[in-house]
Amino acid sequence: MAERGYDLHGVRLGLSTEELGERASAAILSRLARIPEDGLPPHDLAFELRAGSAGSGHPFGRPEGARTVYEPPVGEVVYADGADLLYIEAGPRLRVLCEPGSGRTRVSVLEEEEEDLWLLSHPLFTIPLMEMLKRRGLYGLHAGGLARNGRALLLPGTSGAGKSTLTLALARAGFGLLGDDTLFLARREGGLRVLAFPDEFDLTDQTVSFFPELAPRLDSPLPAGWRKRQLRAEEVYGAEIVWDALPALLVFPQVSGARESVLTPIGKDEALLELVPNVLLTEPRSSQAHLDALADLAARCDCYRLATGSDLDGAVRLLGEIL
(Lines give C-alpha, C1' and ligand atoms only; values in the text may rest on other atoms or scores of the structure.)
Protein backbone atom coordinates (compact mmCIF):
# COMPACT_ATOMS: atom_id res chain seq x y z
CA MET A 1 0.00 0.00 0.00
CA ALA A 2 1.27 3.46 -0.90
CA GLU A 3 0.41 6.31 1.45
CA ARG A 4 1.11 10.02 1.25
CA GLY A 5 0.14 13.05 3.29
CA TYR A 6 -0.67 16.56 2.09
CA ASP A 7 -1.35 19.94 3.70
CA LEU A 8 -4.44 21.45 2.07
CA HIS A 9 -4.55 24.95 3.56
CA GLY A 10 -4.14 23.62 7.07
CA VAL A 11 -6.20 20.45 6.65
CA ARG A 12 -4.04 17.32 6.62
CA LEU A 13 -5.07 14.85 3.90
CA GLY A 14 -3.88 11.25 3.88
CA LEU A 15 -4.09 9.44 0.54
CA SER A 16 -3.58 5.68 0.29
CA THR A 17 -3.83 3.24 -2.60
CA GLU A 18 -3.91 -0.54 -2.42
CA GLU A 19 -3.36 -2.73 -5.46
CA LEU A 20 -4.27 0.07 -7.83
CA GLY A 21 -2.52 0.03 -11.17
CA GLU A 22 0.36 2.38 -11.79
CA ARG A 23 -1.61 4.59 -14.19
CA ALA A 24 -4.57 4.98 -11.83
CA SER A 25 -2.31 5.88 -8.90
CA ALA A 26 -0.34 8.34 -11.04
CA ALA A 27 -3.53 10.01 -12.31
CA ILE A 28 -4.71 10.75 -8.77
CA LEU A 29 -1.30 11.78 -7.44
CA SER A 30 -0.79 14.17 -10.36
CA ARG A 31 -3.74 16.26 -9.16
CA LEU A 32 -1.92 16.87 -5.88
CA ALA A 33 1.53 17.42 -7.38
CA ARG A 34 1.72 21.08 -6.26
CA ILE A 35 0.14 20.59 -2.83
CA PRO A 36 2.76 20.59 -0.03
CA GLU A 37 3.42 17.11 1.34
CA ASP A 38 2.81 16.58 5.05
CA GLY A 39 4.20 13.26 6.19
CA LEU A 40 2.57 10.23 7.75
CA PRO A 41 -0.56 9.78 9.93
CA PRO A 42 -2.43 10.95 11.85
CA HIS A 43 -4.32 12.99 9.24
CA ASP A 44 -7.51 15.03 9.42
CA LEU A 45 -8.90 13.32 6.31
CA ALA A 46 -8.36 9.80 5.00
CA PHE A 47 -8.85 9.02 1.31
CA GLU A 48 -8.50 5.29 0.64
CA LEU A 49 -8.58 3.65 -2.78
CA ARG A 50 -8.69 -0.12 -3.10
CA ALA A 51 -8.84 -2.43 -6.09
CA GLY A 52 -10.60 -5.77 -6.26
CA SER A 53 -11.96 -8.31 -8.68
CA ALA A 54 -15.47 -8.58 -10.06
CA GLY A 55 -15.87 -11.83 -8.12
CA SER A 56 -15.16 -10.18 -4.78
CA GLY A 57 -17.72 -7.42 -5.24
CA HIS A 58 -17.71 -3.98 -3.64
CA PRO A 59 -17.20 -3.82 0.15
CA PHE A 60 -20.10 -1.38 0.58
CA GLY A 61 -23.37 -0.55 -1.13
CA ARG A 62 -25.88 2.25 -1.51
CA PRO A 63 -27.06 3.53 1.90
CA GLU A 64 -30.72 3.02 2.70
CA GLY A 65 -32.94 6.06 2.31
CA ALA A 66 -30.35 8.02 0.33
CA ARG A 67 -31.57 10.93 -1.79
CA THR A 68 -30.08 12.48 -4.91
CA VAL A 69 -27.95 15.58 -4.31
CA TYR A 70 -26.26 15.82 -7.71
CA GLU A 71 -26.94 14.36 -11.16
CA PRO A 72 -23.63 13.51 -12.86
CA PRO A 73 -23.32 12.50 -16.52
CA VAL A 74 -22.69 8.90 -15.39
CA GLY A 75 -24.16 7.15 -12.36
CA GLU A 76 -25.50 8.87 -9.26
CA VAL A 77 -24.49 10.95 -6.25
CA VAL A 78 -26.75 10.44 -3.23
CA TYR A 79 -26.75 11.33 0.47
CA ALA A 80 -28.22 9.50 3.47
CA ASP A 81 -29.24 12.08 6.06
CA GLY A 82 -29.50 9.91 9.15
CA ALA A 83 -26.22 8.08 8.56
CA ASP A 84 -24.43 11.16 7.19
CA LEU A 85 -23.06 9.22 4.20
CA LEU A 86 -22.35 10.42 0.67
CA TYR A 87 -22.42 7.62 -1.90
CA ILE A 88 -21.29 7.79 -5.51
CA GLU A 89 -21.74 5.16 -8.19
CA ALA A 90 -20.17 5.51 -11.64
CA GLY A 91 -20.94 2.36 -13.59
CA PRO A 92 -20.50 -1.20 -12.29
CA ARG A 93 -16.79 -0.93 -11.49
CA LEU A 94 -16.59 2.26 -9.41
CA ARG A 95 -18.10 3.03 -6.00
CA VAL A 96 -17.37 5.73 -3.41
CA LEU A 97 -18.54 5.92 0.20
CA CYS A 98 -17.73 9.17 1.97
CA GLU A 99 -18.18 9.73 5.72
CA PRO A 100 -17.82 13.54 5.80
CA GLY A 101 -18.15 13.95 9.55
CA SER A 102 -15.34 11.54 10.39
CA GLY A 103 -13.33 12.61 7.34
CA ARG A 104 -13.04 9.23 5.65
CA THR A 105 -13.62 8.34 2.00
CA ARG A 106 -13.33 4.84 0.57
CA VAL A 107 -13.15 4.20 -3.17
CA SER A 108 -13.69 0.70 -4.52
CA VAL A 109 -12.43 -0.17 -8.02
CA LEU A 110 -13.31 -3.52 -9.59
CA GLU A 111 -11.46 -4.76 -12.67
CA GLU A 112 -9.63 -1.49 -13.27
CA GLU A 113 -10.01 -0.25 -16.86
CA GLU A 114 -8.26 2.61 -18.66
CA GLU A 115 -11.60 4.18 -19.53
CA ASP A 116 -12.18 4.72 -15.78
CA LEU A 117 -9.05 6.84 -15.23
CA TRP A 118 -10.70 10.22 -15.71
CA LEU A 119 -13.72 9.39 -13.54
CA LEU A 120 -11.51 7.94 -10.83
CA SER A 121 -9.09 10.86 -10.66
CA HIS A 122 -11.58 13.69 -11.22
CA PRO A 123 -15.25 13.57 -10.09
CA LEU A 124 -14.81 10.54 -7.83
CA PHE A 125 -11.92 12.30 -6.12
CA THR A 126 -13.09 15.91 -6.18
CA ILE A 127 -16.71 15.50 -5.01
CA PRO A 128 -15.98 13.63 -1.75
CA LEU A 129 -12.89 15.76 -1.07
CA MET A 130 -14.96 18.94 -1.33
CA GLU A 131 -17.66 17.47 0.92
CA MET A 132 -15.15 16.53 3.62
CA LEU A 133 -13.45 19.92 3.41
CA LYS A 134 -16.83 21.68 3.64
CA ARG A 135 -17.19 20.27 7.17
CA ARG A 136 -13.83 21.84 8.03
CA GLY A 137 -14.41 25.39 6.81
CA LEU A 138 -13.07 25.12 3.25
CA TYR A 139 -15.89 25.72 0.78
CA GLY A 140 -15.53 24.52 -2.80
CA LEU A 141 -16.00 26.68 -5.85
CA HIS A 142 -16.09 25.33 -9.42
CA ALA A 143 -14.16 28.12 -11.13
CA GLY A 144 -10.93 29.22 -12.70
CA GLY A 145 -8.98 31.66 -10.59
CA LEU A 146 -6.29 34.25 -11.30
CA ALA A 147 -4.70 36.93 -9.14
CA ARG A 148 -2.90 40.23 -9.51
CA ASN A 149 -1.58 42.38 -6.65
CA GLY A 150 -3.30 40.14 -4.12
CA ARG A 151 -6.76 40.48 -5.72
CA ALA A 152 -8.57 37.47 -7.19
CA LEU A 153 -10.44 37.26 -10.49
CA LEU A 154 -12.79 34.26 -10.44
CA LEU A 155 -14.31 32.63 -13.51
CA PRO A 156 -17.13 30.28 -12.46
CA GLY A 157 -18.75 28.20 -15.14
CA THR A 158 -19.98 24.82 -16.23
CA SER A 159 -18.24 22.65 -18.80
CA GLY A 160 -18.27 24.35 -22.20
CA ALA A 161 -18.48 27.91 -20.86
CA GLY A 162 -14.88 28.57 -21.88
CA LYS A 163 -13.44 29.15 -18.41
CA SER A 164 -10.38 26.94 -18.96
CA THR A 165 -9.55 28.70 -22.23
CA LEU A 166 -9.85 32.09 -20.56
CA THR A 167 -7.97 31.01 -17.44
CA LEU A 168 -5.09 29.69 -19.55
CA ALA A 169 -4.99 32.88 -21.65
CA LEU A 170 -4.78 34.99 -18.49
CA ALA A 171 -2.06 32.78 -16.98
CA ARG A 172 -0.09 33.06 -20.24
CA ALA A 173 -0.42 36.85 -19.99
CA GLY A 174 1.27 36.90 -16.58
CA PHE A 175 -1.60 36.68 -14.09
CA GLY A 176 -0.91 34.61 -10.98
CA LEU A 177 -2.67 31.26 -10.97
CA LEU A 178 -5.02 30.05 -8.23
CA GLY A 179 -6.45 27.14 -10.22
CA ASP A 180 -8.18 26.06 -13.39
CA ASP A 181 -11.30 24.32 -12.15
CA THR A 182 -11.44 23.94 -8.37
CA LEU A 183 -10.90 26.63 -5.72
CA PHE A 184 -11.80 27.02 -2.06
CA LEU A 185 -13.23 29.82 0.04
CA ALA A 186 -12.33 30.23 3.70
CA ARG A 187 -12.87 32.77 6.43
CA ARG A 188 -9.56 34.07 7.64
CA GLU A 189 -8.48 36.99 9.77
CA GLY A 190 -9.59 40.02 7.80
CA GLY A 191 -12.45 38.28 6.01
CA LEU A 192 -13.16 35.89 3.18
CA ARG A 193 -10.22 34.60 1.15
CA VAL A 194 -9.88 32.57 -2.04
CA LEU A 195 -7.56 29.59 -1.63
CA ALA A 196 -5.73 27.86 -4.47
CA PHE A 197 -5.96 24.33 -5.78
CA PRO A 198 -3.25 24.40 -8.48
CA ASP A 199 -4.38 21.45 -10.53
CA GLU A 200 -3.55 20.48 -14.08
CA PHE A 201 -5.53 22.18 -16.82
CA ASP A 202 -7.91 19.84 -18.67
CA LEU A 203 -8.08 21.12 -22.24
CA THR A 204 -10.16 20.09 -25.24
CA ASP A 205 -8.46 19.97 -28.62
CA GLN A 206 -10.46 23.06 -29.58
CA THR A 207 -8.99 25.00 -26.65
CA VAL A 208 -5.47 23.83 -27.51
CA SER A 209 -5.99 25.07 -31.08
CA PHE A 210 -6.50 28.63 -29.78
CA PHE A 211 -2.87 28.71 -28.63
CA PRO A 212 -0.49 28.35 -31.60
CA GLU A 213 2.46 27.46 -29.40
CA LEU A 214 0.54 24.40 -28.16
CA ALA A 215 -0.19 23.07 -31.66
CA PRO A 216 2.42 20.26 -31.48
CA ARG A 217 0.39 18.68 -28.67
CA LEU A 218 -2.38 17.94 -31.15
CA ASP A 219 -0.07 15.64 -33.11
CA SER A 220 -0.29 12.95 -30.46
CA PRO A 221 -3.46 11.00 -29.61
CA LEU A 222 -5.20 11.43 -26.28
CA PRO A 223 -3.89 8.98 -23.69
CA ALA A 224 -6.17 6.01 -23.17
CA GLY A 225 -8.83 6.77 -20.59
CA TRP A 226 -8.57 10.58 -20.87
CA ARG A 227 -11.20 12.90 -22.27
CA LYS A 228 -8.99 15.98 -22.45
CA ARG A 229 -5.32 16.95 -22.59
CA GLN A 230 -3.43 17.83 -19.43
CA LEU A 231 -1.20 20.89 -19.14
CA ARG A 232 0.46 22.77 -16.29
CA ALA A 233 0.53 26.52 -16.90
CA GLU A 234 3.37 26.98 -14.41
CA GLU A 235 5.56 24.67 -16.52
CA VAL A 236 4.54 25.86 -19.98
CA TYR A 237 4.15 29.60 -19.30
CA GLY A 238 5.98 30.07 -16.03
CA ALA A 239 2.77 31.10 -14.27
CA GLU A 240 3.25 31.85 -10.59
CA ILE A 241 1.03 29.92 -8.19
CA VAL A 242 -0.77 32.28 -5.79
CA TRP A 243 -1.95 30.39 -2.72
CA ASP A 244 -4.54 32.84 -1.43
CA ALA A 245 -6.02 36.15 -2.50
CA LEU A 246 -8.73 38.66 -1.66
CA PRO A 247 -11.88 38.13 -3.78
CA ALA A 248 -12.37 41.09 -6.11
CA LEU A 249 -14.07 40.08 -9.37
CA LEU A 250 -16.63 37.46 -10.34
CA VAL A 251 -16.88 37.03 -14.10
CA PHE A 252 -19.23 34.44 -15.60
CA PRO A 253 -17.93 33.59 -19.09
CA GLN A 254 -19.81 32.21 -22.06
CA VAL A 255 -18.46 31.62 -25.55
CA SER A 256 -20.11 34.14 -27.88
CA GLY A 257 -18.96 33.13 -31.36
CA ALA A 258 -18.14 36.78 -32.14
CA ARG A 259 -14.63 38.20 -32.43
CA GLU A 260 -14.74 40.85 -29.70
CA SER A 261 -15.58 40.11 -26.07
CA VAL A 262 -18.37 42.03 -24.32
CA LEU A 263 -18.39 42.57 -20.55
CA THR A 264 -21.74 43.34 -18.88
CA PRO A 265 -22.23 44.16 -15.17
CA ILE A 266 -24.75 42.03 -13.28
CA GLY A 267 -26.33 42.32 -9.85
CA LYS A 268 -24.98 40.50 -6.82
CA ASP A 269 -28.23 38.54 -6.38
CA GLU A 270 -27.96 37.29 -9.95
CA ALA A 271 -24.35 36.29 -9.34
CA LEU A 272 -25.30 34.38 -6.21
CA LEU A 273 -27.95 32.41 -8.09
CA GLU A 274 -25.23 31.31 -10.51
CA LEU A 275 -23.04 30.15 -7.61
CA VAL A 276 -25.65 28.19 -5.64
CA PRO A 277 -25.17 24.90 -7.62
CA ASN A 278 -21.70 24.68 -6.04
CA VAL A 279 -23.37 23.48 -2.83
CA LEU A 280 -24.35 19.87 -2.29
CA LEU A 281 -27.39 20.01 0.01
CA THR A 282 -26.18 17.40 2.49
CA GLU A 283 -25.75 18.09 6.22
CA PRO A 284 -27.72 21.32 6.93
CA ARG A 285 -25.20 23.27 9.03
CA SER A 286 -22.20 22.92 6.71
CA SER A 287 -24.38 23.38 3.62
CA GLN A 288 -25.72 26.64 5.04
CA ALA A 289 -22.18 27.75 5.87
CA HIS A 290 -21.20 27.03 2.25
CA LEU A 291 -24.14 29.08 0.98
CA ASP A 292 -23.22 31.91 3.36
CA ALA A 293 -19.64 31.91 2.03
CA LEU A 294 -20.92 32.14 -1.55
CA ALA A 295 -23.25 35.00 -0.59
CA ASP A 296 -20.32 36.77 1.06
CA LEU A 297 -18.25 36.21 -2.09
CA ALA A 298 -20.91 37.76 -4.34
CA ALA A 299 -21.32 40.69 -1.94
CA ARG A 300 -17.60 41.44 -1.88
CA CYS A 301 -16.99 41.20 -5.65
CA ASP A 302 -17.79 43.30 -8.68
CA CYS A 303 -19.86 40.92 -10.82
CA TYR A 304 -20.01 40.60 -14.62
CA ARG A 305 -20.99 38.39 -17.51
CA LEU A 306 -18.43 38.01 -20.26
CA ALA A 307 -19.46 37.08 -23.79
CA THR A 308 -16.02 35.77 -24.75
CA GLY A 309 -14.94 36.44 -28.31
CA SER A 310 -12.37 34.65 -30.42
CA ASP A 311 -9.83 37.44 -29.81
CA LEU A 312 -8.44 36.06 -26.55
CA ASP A 313 -5.84 38.81 -26.24
CA GLY A 314 -8.67 41.34 -26.33
CA ALA A 315 -10.52 39.46 -23.57
CA VAL A 316 -7.37 39.43 -21.46
CA ARG A 317 -6.93 43.21 -21.88
CA LEU A 318 -10.57 43.79 -20.97
CA LEU A 319 -10.32 41.80 -17.76
CA GLY A 320 -6.96 43.28 -16.88
CA GLU A 321 -8.46 46.77 -17.05
CA ILE A 322 -11.20 46.03 -14.53
CA LEU A 323 -8.92 44.12 -12.14
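Q: What does the secondary structure of the protein chain come to?
A: In this predicted model, the chain has 9 helices and 18 strands.

Q: And what radius of gyration does the chain have, next to that of a compact globule?
A: The protein chain has 20 Å, which agrees with the value near 20 Å for a compact globule of 323 residues. Along the principal axes, the C-alpha atoms fill a box of roughly 55 × 50 × 35 Å.

Q: What share of the residues count as buried?
A: Of the 323 residues, 52% count as buried. The accessible surface of the chain comes to about 14000 Å², and 50% of that surface belongs to carbon and sulfur atoms.

Q: Among contacts between residues at least 6 apart in sequence, what share join residues at least 24 apart?
A: The share is 71%.

Q: What about charges: how many are positive and how many negative?
A: There are 33 positive and 47 negative charges, and their mean positions are 3 Å apart.

Q: Let us turn to strand β13. Is it mostly covered or mostly uncovered?
A: Strand β13, residues 191-195, is mostly covered, with 4 of its 5 residues buried.

Q: How does strand β12 run relative to β13?
A: Strand β12, residues 182-188, runs antiparallel to β13, and 5 bridges join the two. Within this pair, Leu185 stands opposite Val194 in β13.

Q: What lies between those two strands?
A: β12 and β13 form a hairpin with 2 residues between them. Gly190, in the turn, has a positive phi of about 100°.

Q: Which residue in β16 does Leu195 stand opposite?
A: Leu195 stands opposite Asp244 in β16. Strand β16 covers residues 244-255; it is antiparallel to β13 and joined to that strand by 2 bridges.

Q: Moving to backbone angles, what is the phi of His9, and where is His9 found?
A: His9 has a phi near 55°, a positive value in a residue other than glycine. His9 is found in the loop between β1 (2-8) and β2 (11-18).

Q: Why point that out?
A: Most residues other than glycine have a negative phi.

Q: What of Glu111, then: what is its phi?
A: Phi of Glu111 is near 50°, again positive in a residue other than glycine. Glu111 is found in the loop between β8 (104-110) and α2 (117-121). With a relative accessible area of 38%, Glu111 is partly exposed, because that value falls between the 20% and 50% cut-offs.

Q: Last one: is the peptide bond from Pro41 to Pro42 cis or trans?
A: That bond is cis, with omega near 5°. Pro42 is found in the loop between α1 (22-31) and β3 (45-52). Most peptide bonds are trans.

Technical notes. Residues are numbered from 1 along each chain as its sequence is written. This is a predicted model: local features need pLDDT of at least 70, side-chain atom pairs count only at pLDDT 80 or more; totals for chains, interfaces and linings use all residues. Side-chain values use heavy atoms; hydrogens and water are left out. The radius of gyration is taken over C-alpha atoms; the globule rule is 2.2 Å times the number of residues to the power 0.38. Buried means under 20% relative accessible area, exposed over 50%, partly exposed in between (1.4 Å probe, protein chains only). Contact means heavy atoms within 4.5 Å. Accessible areas come from the Shrake-Rupley method with a 1.4 Å probe; for residues, only the protein chains shown count as cover. Lys and Arg count as positive and Asp and Glu as negative; His and the chain ends are not counted. The place of a charge is taken as NZ of Lys, CZ of Arg, CG of Asp or CD of Glu. Two strands pair if DSSP finds at least two bridges between them.
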